[in-house]
Amino acid sequence: MNNKYLYSAVFAVAIAAGTYFAIGRNSTPGGTGFDLAAQAQSAEEVDTSSIEEMSLGDENAPVTVIEYASFTCPHCANFHATAFKKLKENYIDTGKVHFIYREIYFDKPGLWAGMVARCAGPMRYFGISDAIYTEQSEWLASRELAGIHGDLRKLALKSGLDGDQVDACLADADKAQAMYALFLKNAEADDISSTPSFIIDGEKYTNMAYEKFAEILDAKLAE
C-alpha cells in the first residue's frame, strides 16, 4: 500500500470514528488550516530524521511493544487510563518490555496535540501526553478547530510550558511536516489503519484489555 492509499484508508477510519475535523488550505500548522492532504502527497520526499522516537523502559528488554495511537482517539485515552498504567508498572518499569509510542494523525487536532507533547523534549513527553489523554474530552469539547487549538495551548501552559515556547512549537511547519511524513511511513510499514494498535515483537494486535495484553507478554517472555 503506498502512502496515498494509506492516507485515504486511515482518514476513512477517522471519519467512521467521528474524529474528523475539516481540512483547510494554505496555512501554517499553528493556524486552523494546515493541509494534511497536501502533506500526504509529499511525505516520501520529507526528511524525518529530526523526529525522535519516544520510548520508555530498557532498550535491551526481551520484548518490544510499539503502540500506534491518536491523541483524539477515545479508545486510546481509555487504554492509557487503564491498561497502560498496569503495563508500565508490571512490564516496562521492571525491565521486561521496551515500549515505543508512535503518534497517528487522523486529524489536525491530533497533530497539534503531538506537537504540544513534543514541545518540552523527550524527558517530559510522556508526562504531557498523559495530561493530553486525561483531559481529552475537555480540549476536544468545542468541536471547532480554533477552539480546540486554543484549549490545547491552555493545556500546555497548565503543564508548565512557556507561552512563547508553545506558540513556537505549534507554528513549526517543518517539524509538523516531518512528524506527519514519519507517521505515514511508520503506519504503512506496519499496516496500521486503526487505533490503538500494537506491534509486539513484530506481531500486530488490536486494542485489548490488560489481562489479554499480559497473557501475550508472558508468553513472549517465556519463549
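Biologist: How much space lies in the second largest cavity?
Modeller: About 30 Å³. Keep in mind that this is a predicted model.

Biologist: OK, and which residues line the second largest cavity?
Modeller: Val65, Leu87, Ile92, Val97, Phe99, Phe213 and Leu217. By class that lining has seven nonpolar, no polar and no charged residues. Helix α4 (83-92), strand β3 and helix α11 each supply at least two residues of the lining.

Biologist: What's the make-up of the largest cavity's lining by class?
Modeller: Seven nonpolar, one polar and five charged residues. Helix α10 gives the most, with four residues, and β3 also supplies at least two.

Biologist: β3 keeps coming up. Why is β3 largely enclosed by the rest of the structure?
Modeller: Because seven of the seven residues of β3 (residues 97-103) are buried. Buried here means under 20% relative accessible area.

Biologist: Which residues point which way from β3?
Modeller: Val97, Phe99, Tyr101 and Glu103 point one way, while His98, Ile100 and Arg102 point the other way.

Biologist: What about strand pairing? How many bridges join β2 to β3, and do they run parallel or antiparallel?
Modeller: Seven bridges, and β2 (residues 63-69) and β3 run parallel. Thr64 stands opposite His98 in β3, and Ile66 stands opposite Ile100.

Biologist: And on β1, how many bridges join that strand to β3?
Modeller: Three bridges join β1 (residues 54-56) to β3, and those two strands run antiparallel. Leu56 in that pairing stands opposite Phe99 in β3.

Biologist: Is β2 mostly covered or mostly open?
Modeller: Mostly covered: six of its seven residues are buried. β2 is also joined to β4 by four bridges, with those two running antiparallel. In that pairing Glu67 stands opposite Phe198 in β4.

Biologist: Switching to aromatics. How many aromatic pairs does the count come to?
Modeller: The count comes to 13 aromatic pairs. Take Tyr105 and Tyr180: their ring centres are 6.2 Å apart and their planes are at 20°, so the pair is stacked. This pair links distant parts of the chain, with Tyr105 in the loop between β3 and α5 (108-117) and Tyr180 in helix α10 (residues 173-189), 75 residues apart.

Biologist: Is Tyr105 buried or exposed?
Modeller: Tyr105 is buried, with a relative accessible area of 3%. Tyr180 is buried as well, at 1%.

Biologist: What kind of aromatic pair do Phe198 and Phe213 form?
Modeller: Edge-to-face, at 4.9 Å centre to centre with 80° between the planes. Phe198 lies in strand β4 (residues 197-200) and Phe213 in helix α11 (residues 210-222), so the pair ties together parts that are 15 residues apart in sequence. Both Phe198 and Phe213 are buried.

Biologist: Which residues do ring pairs link into a cluster?
Modeller: Phe71, Phe84, Phe99, Tyr101, Tyr125, Phe126 and Tyr133. Several of these come back in the largest pocket, whose lining includes Phe71, Phe84, Tyr101, Tyr125, Phe126 and Tyr133.

Biologist: How do the residues of the pocket lining divide by class?
Modeller: Seven nonpolar, two polar and three charged. Among the lining residues are Lys85, Lys88 and Asp130, along with His80 and Ser129.

Biologist: Last one. Where does the charged end of Lys96 sit?
Modeller: Over the ring of Tyr91, 5.5 Å from its centre.

Terms used. Residues numbered from 1 in each chain as written. Predicted model: local features only at pLDDT ≥ 70, side-chain atom pairs only at ≥ 80, totals over all residues. Heavy atoms only, no water. Buried < 20%, exposed > 50% of the residue type's maximum accessible area, 1.4 Å probe, protein only. Pairing = 2+ DSSP bridges. Phe/Tyr/Trp six-rings, centres within 6.5 Å; stacked < 30°, edge-to-face > 60°. Lys NZ or Arg CZ within 6 Å of the ring centre and 35° of its normal. Nonpolar A, V, L, I, M, F, W, Y, C, P; charged D, E, K, R; others polar. 1 Å grid on protein atoms, 1.4 Å probe; cavity = no way out; pocket = protein on both sides within 12 Å on 5 of 7 lines; lining within 4 Å. Points joined across faces, edges and corners; volume = space filled by probe spheres on them.
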